[in-house]
Amino acid sequence: MSIAPSPEVSTWGAFVATLRRDLLVAFKRRNDLLNPIMFFLIVVTLFPLGVSPDPLELTRISAGVVWVSALLASMLSLDNLYRADYEDGSLEQLLLSPQPLFFLVLAKNIAHWLISGLPVVVLSPLLAYMLYLPEEAYWTLVLTLLIGTPVLSLFGSIGVALTVGLGSRGLILAVIVLPLTMPVLIIGAKAVTDVMFGLPVGSHFALLGAMLAVALSIAPLASAAALRISVN
Amino acid sequence: MQVLGSNGSGKTTLLRIICGLNDSYEGDILWRGIPVTAQRETFLAALLYIGHRVGVNRILTPRENLRWSASLHTPVDDLRIEAALARVGLKAFEDVPCRNLSAGQNQRVSLARLLISPATLWILDEPFTTLDVYGVRELELLLAEHIAGGGSALVTTHHRLNVPCAVERLNLDGVEQPL
């Protein structure tokens, strides 16, 4: 028998191992990896076709379009978060780990963000360019998405954790998750629009940052509790 | 201890309650004389549970699965993992995705967890179902070694356990059936 390392060390170890495992699973399933990004690209490119190719018109809606697409792309990939683990029994193993579930759930949420949120952040300037977003708003768009998309993953995780045990979930996931994520969408899109009009956006960033702080500290706890209920 | 009972008599439910996966019970669960609710982490550190759903990700390889399982409890190095996989008859399958393995082989991946874990209490739900005769023999050997090493095991099975130690039997039907 090996000597057990100190608890802090192995909690960190379990956190890193869970993060690595989820990233590994995602990279082995290329479809799951590409789906949210492709969805994001397709939705954004449809707007000029459906609304109007007029640059003025597109400029006006560009911030909202990118933000709504980011929200939908994040929701689309949420189901992968716990579904497979629930079905193959890995979730039970996760719940029975002596390590705090808070950090294991946080690791899974971070993996989800790295897979679905980060690519959206990286691609957003390209799409902003397609939608004639004014140059001065680029950084605001990227920064709001950078702060906002992790909140989408963290709050989304609560909804998936609650519904993972249900056979047919349908719209219930959206009904649970959307009210939680709506404020992020409103403030994120508003910040970008305000920059275009030359208005100050410090307060928007403060609010988004506060949301991220709340989500980071509370959402994994709620997800962990919800997972215990779902497995029960 | 072997838990017996007809289908639907609550064998799996009992095991899940003991693990803490199911909280719809009355009474106390004690581990070494102390309620598990008062020492959740100590109890979980001593526990290894393998359920119906074996907890093996089908996209990952046996090696990756075990590495993650171990890290949730006590991390082990790759040599231990390879040795454990060889012991359960999965040598040369270490890096094959689990979806390409048979049900019995996936069960063996989960059983390899027993070899890399320092847990003293094994809770196994129907561990023999998909194993072939050699696998059954091997698992009985593992159980015997575990008991001889001072560990304990709680197993549900209809199979007649052939282990060189005393087996307590708990029959959930209340009636003693001939084995």
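**View 1. Two arginines over aromatic rings of the partner chain.** The charged end of Arg53(B) sits over the ring of Tyr86(A), 5.0 Å from the ring centre. The rule for such a placement: NZ of Lys or CZ of Arg within 6 Å of the ring centre and within 35 degrees of the ring normal. Arg21(A) lies over the face of Trp68(B), at 3.9 Å from the ring centre. The model is predicted: local features need pLDDT of at least 70, side-chain atom pairs count only at pLDDT 80 or more, and totals for chains, interfaces and linings use all residues. Residues are numbered from 1 along each chain as its sequence is written, chains are lettered from A and ligands numbered from 1 in the order in which they are written, and side-chain values use heavy atoms, with hydrogens and water left out.

**View 2. The aromatic pairs.** How many aromatic pairs are there over all chains? The count comes to two. Trp12(A) and Phe15(A) form a stacked pair, 5.5 Å centre to centre with 20° between the planes. Rings of Phe, Tyr and Trp (its six-membered ring) pair if their centres lie within 6.5 Å; planes under 30 degrees apart count as stacked, over 60 as edge-to-face and the rest as tilted. Both Trp12(A) and Phe15(A) lie in helix α1 (residues 7-28) of chain A, three residues apart, about one turn of the helix. Helices (H or I, at least four residues) and strands (E, at least two) are DSSP runs, numbered from the N terminus. An α-helix has 3.6 residues a turn, so residues three or four places apart point the same way. Trp12(A) is exposed, with a relative accessible area of 57%. Phe15(A) counts as buried, at 11% relative accessibility. Buried means under 20% relative accessible area, exposed over 50%, and partly exposed in between (1.4 Å probe, protein chains only). The rings of Phe102(A) and Phe103(A) have centres 5.2 Å apart and planes at 80°, so this pair is edge-to-face. Phe103(A) is partly exposed, at 36% relative accessibility.

View 3. Ala14(A) lies in helix α1 of chain A. Its relative accessibility is 0%, so Ala14(A) counts as buried. Leaving aside neighbours within four places in sequence, Ala14(A) is in contact (heavy atoms within 4.5 Å) with Gln99(A), Leu104(A), Ser71(B) and Leu72(B). Leu94(A) is 80 residues from Ala14(A) along the chain, yet their C-alpha atoms are separated by 9.9 Å.

View 4. Thr149(A) lies in helix α7 (residues 138-163) of chain A. Is Thr149(A) buried or exposed? At 3% relative accessibility, Thr149(A) counts as buried. A polar contact of 2.9 Å joins the side chains of Thr149(A) and Trp113(A). Such a contact is a pair of N or O atoms within 3.5 Å; within protein, one must be able to donate a hydrogen and the other to accept it, and residues adjacent in sequence count only if both atoms are side-chain atoms. Not counting residues up to four places away in sequence, Thr149(A) touches Trp113(A), Gly117(A), Val121(A) and Thr144(A).

**View 5. The loop between α6 and α7 of chain A.** Tyr132(A) lies in this loop. Phi of Tyr132(A) is near 60°, a positive value in a residue other than glycine. Tyr132(A) is partly exposed, at 43% relative accessibility. Glu136(A) lies in the loop too, between α6 (101-130) and α7. At 51% relative accessibility, Glu136(A) counts as exposed. Beyond its neighbours within four places in sequence, Glu136(A) is in contact with Val195(A) and Met196(A). Leu101(A) and Glu136(A) are 35 residues apart in sequence and 42 Å apart in space, C-alpha to C-alpha.

**View 6. Positive phi values in chain B.** Ala92(B) lies in the loop between α4 (78-87) and α5 (103-116) of chain B. Phi of Ala92(B) is near 80°, a positive value in a residue other than glycine. Ala92(B) is exposed, with a relative accessible area of 65%. Gly20(B) follows α1(B) and has a positive phi, near 95°. The buried residues of helix α1 (residues 11-19) of chain B are Lys11(B), Leu15(B), Arg16(B), Ile17(B), Ile18(B) and Cys19(B).
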